[in-house]
Amino acid sequence: MEEEVEEPKKLNLSKEIKYMMYGFGDDKCPYVESIALLEDIVVNYLQEITSKAMTMGKKGKITVEDILHLIRHDTKKYNRAKELLISNDDIKKARKFLDEDHYYQSV
């Protein structure tokens with residue numbers, strides 16, 4: 001009996017890229033070729049970064065610190081990543097507070 005090898009799923013970002021293109025001033029319905037090109041660029045970048053991150057830190061595990069280390073020389077990416085991480089922490093704290101508040105009101 002032959003064992004089937006599962007092919008990795010192809011990341012489909014075309015819908016998100018289309019919205020981002022529109023948000024950055026492109027046409028509401030950009031060319032499919034433009035979307036495909038940007039998707040290729042994004043997927044290749046993500047594959048490259050994750051491959052590099054896999055060689056760092058713990059074997060087989062990627063951490064936020066690994067990614068930050070890889071982008072540390074690109075000031076815009078690094079600052080934006082830090083900003084998003086801080087925002088994510090703020091959102092988690094707010095949700096926790098709201099959940100606790102809701103719990104105390106229902107008791």
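## Terms and model

Buried means under 20% relative accessible area, exposed means over 50%, and partly exposed lies in between (1.4 Å probe, protein chains only). This is a predicted model: local features need pLDDT of at least 70, side-chain atom pairs count only at pLDDT 80 or more, and totals for chains, interfaces and linings use all residues. Residues are numbered from 1 along each chain as its sequence is written, and side-chain values use heavy atoms, with hydrogens and water left out.

## Salt bridges

A salt bridge here is a side-chain nitrogen of Lys or Arg within 4 Å of a carboxyl oxygen of Asp or Glu. By this rule there are three.

Arg80 pairs with Glu83 at 2.8 Å, N to O. Both sit in helix α4 (residues 75-106), three residues apart, about one turn of the helix. Helices are DSSP runs (H or I, at least four residues), numbered from the N terminus. Arg80 is partly exposed at 44%; Glu83 is also partly exposed, at 43%.

Lys52 bridges to Glu48, with the closest N and O atoms 3.4 Å apart. These two are four residues apart in helix α2 (residues 32-54), so about one helical turn separates them. Asp74 and Lys77 form a salt bridge at 3.5 Å, N to O. Asp74 is partly exposed at 31% relative accessibility, and Lys77 at 37%.

Asp66 lies in helix α3 (residues 64-70). Asp66 is buried yet has no salt bridge. The nearest side chain of opposite charge is Lys61, 8.9 Å away. Lys and Arg count as positive, Asp and Glu as negative; His and the chain ends are not counted.

Asp66 touches Ala53, Met56, Gly57 and Lys61, leaving aside residues up to four places away in sequence. Contact means heavy atoms within 4.5 Å.
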